[in-house]
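Morning, everyone. I have one structure to show today. Let me put it on the screen.

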Amino acid sequence: MRQAQHLSLAALALSLTPTFAVAERNLVPTLDRSIDVCPDRPAEPVWMQEIPLRQAFQRVLVQDIYRAQNLERVVETGSCHCATRFPSWDAAEAVFRERHASDERWEMLQASDAYNRRANAARPEAQAICDAAGNW
């Protein structure tokens with residue numbers, strides 16, 4: 001009797017395996033982004049979108065500056081309005097051009113790390129503010 005139960009469980013497991021395998025193979029990745037929060041956020045500047053792959057670290061640095069500035073602004077103002085959380089890219093671009101545009105690649109990578117640390121430090125408090133506003 002016990003052997004029959006084990007065989008039944010084994011048969012059930014084997015019969016489900018192809019279903020799971022097919023389900024996993026049917027996943028289709030997409031690049032379409034559906035934005036639920038602040039859908040009217042400004043697009044990245046064109047020059048960032050068109051940057052050559054070998055210089056992608058510059059784009060990443062501007063993105064990191066933008067993220068840190070915006071999370072810190074949410075915390076400073078205590079507000080998570082869309083204009084506060086996702087303003088134009090002008091301020092981040094200005095910081096990049098004034099402080100980092102002439103840096104070497106390794107210096108930009110270090111700067112990205114520093115901006116990520118700033119953003120990560122501000123994130124919990126910013127998230128709490130934005131969660132309360134229904135804007136996270």
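I'll go from the overall fold to one helix, and then to the core.

First, a caution: this is a predicted model. The protein chain has 6 helices and 0 strands. Read from the N terminus, the order is simply α-α-α-α-α-α.

Some totals next. There are 136 residues in the protein chain, and 30% of them are buried. The accessible surface is about 9,600 Å². Carbon and sulfur atoms account for 55% of that surface. Now take the contacts between residues at least 6 apart in sequence. Of these, 67% join residues at least 24 apart.

Now helix α3. It covers residues 56-77, which is 22 residues. From first C-alpha to last, α3 reaches 32 Å. That is close to the 32 Å expected at 1.5 Å a residue. Just after α3 comes Gly78, with a positive phi of about 70°.

On to the core. In soluble globular proteins, nonpolar side chains tend to be buried together. Here, the largest nonpolar core has 25 residues. Which of them touch the most other members? Leu61, Val62, Ile65, Val74, Phe96 and Tyr115 do. And which elements give two or more residues to this core? They are α3, α5 (90-100) and α6 (105-132).

Last, a close look at Val62. Set aside its neighbours within four places in sequence. Val62 is then in contact with Trp47, Met48, Trp89, Ala92, Glu93 and Phe96.

How values were computed
Residues numbered from 1 in each chain as written. Predicted model: local features only at pLDDT ≥ 70, side-chain atom pairs only at ≥ 80, totals over all residues. Heavy atoms only, no water. Helix = DSSP H or I, 4+ residues; strand = E, 2+ residues; numbered from the N terminus. Buried < 20%, exposed > 50% of the residue type's maximum accessible area, 1.4 Å probe, protein only. Contact = heavy atoms within 4.5 Å. Areas by Shrake-Rupley, 256 points an atom, 1.4 Å probe, with all protein chains shown as cover. Expected span 1.5 Å × (residues − 1). Core = buried A, V, L, I, M, F, W, Y, C linked by side-chain atoms within 4.5 Å.
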